[in-house]
Amino acid sequence: MSTKIKRKRRASTNAIREIKLEQKKTHTIIPVAPFNRLPHDVADEFATDLRFKNEAHTALHMAAEAHLVEVFQNANKLAIHNGRETVQAGDIALAVDLMN
């Protein structure tokens, strides 16, 4: 009877697999309902009877996610430049400052 020895994988293997799976998906990352409430909450501070079309919610959602992805990509490049694999809060702050 030969028993198959299960190999121990490196810690980063699962993370890389999850990243590749997420990159293949095309759905939005931020949940729709909570994100749709955000513009309403902000708009209520200025006027109480504002209404938003579905296309407006979709456009805001896509723009917000595109901006967040760009910020995290730049923060990741900064972390790699500093010789780290982990993005830290300072990397994100610097990435936002450099984008402005």
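A salt bridge here is a side-chain nitrogen of Lys or Arg within 4 Å of a carboxyl oxygen of Asp or Glu, and by this rule the count comes to two. The model is predicted, so that local features need pLDDT of at least 70 and side-chain atom pairs count only at pLDDT 80 or more, whereas totals for chains, interfaces and linings use all residues. Residues are numbered from 1 along each chain as its sequence is written, and side-chain values use heavy atoms, with hydrogens and water left out.

**Salt bridges**

- Side chains of opposite charge can pair when their charged atoms come close.

**Largest pocket**

- The largest pocket holds about 900 Å³ of space, a volume being the space filled by probe spheres set on grid points that are joined across faces, edges and corners.
- Among the 23 residues that line this pocket, Ile19, Glu22, Gln23, Phe72 and Gln73 are the closest to its centre.
- On a 1 Å grid over the protein atoms alone, a pocket is an open set of points where a 1.4 Å probe fits, with protein on both sides within 12 Å along at least five of seven lines, and lining residues have an atom within 4 Å of a point.
- Helix 1 (11-24) and helix 3 (54-81) each supply at least two residues of the lining, and helix 3 gives the largest share, with eight residues; helices are DSSP runs (H or I, at least four residues) numbered from the N terminus.
- By residue type the lining divides into 11 nonpolar, seven polar and five charged residues, where Ala, Val, Leu, Ile, Met, Phe, Trp, Tyr, Cys and Pro count as nonpolar, Asp, Glu, Lys and Arg as charged, and the others, Gly among them, as polar.

**Nonpolar surface patch**

- Leu38, Val42 and Phe46 make a nonpolar surface patch of about 330 Å², with accessible areas taken from the Shrake-Rupley method with a 1.4 Å probe and, for residues, only the protein chains shown counting as cover.
- Such a patch is made of residues with over 30% relative accessible area and no salt bridge, its nonpolar side chains (Val, Leu, Ile, Met, Phe, Trp, Tyr) being joined within 5 Å.
- Phe46 lies in the loop between helix 2 (32-44) and helix 3, and this residue is exposed, with a relative accessible area of 70%.

**Separations along the chain and in space**

- Ile92, a residue of helix 4 (residues 89-99), is partly exposed at 28% relative accessibility, and its C-alpha atom is separated by 6.8 Å from that of Val71, 21 residues apart along the chain.
- Pro39 lies in helix 2 and is buried, with a relative accessible area of 13%; the C-alpha atoms of Pro39 and Val96, 57 residues apart along the chain, are separated by 22 Å.
- Lys25 has its place in the loop between helix 1 and helix 2, and Lys25 and Lys53, 28 residues apart in sequence, are 26 Å apart in space, C-alpha to C-alpha.

Notes. Patches are made of residues with over 30% relative accessible area and no salt bridge: like charges are joined within 9 Å, nonpolar side chains (Val, Leu, Ile, Met, Phe, Trp, Tyr) within 5 Å. Buried means under 20% relative accessible area, exposed over 50%, partly exposed in between (1.4 Å probe, protein chains only).
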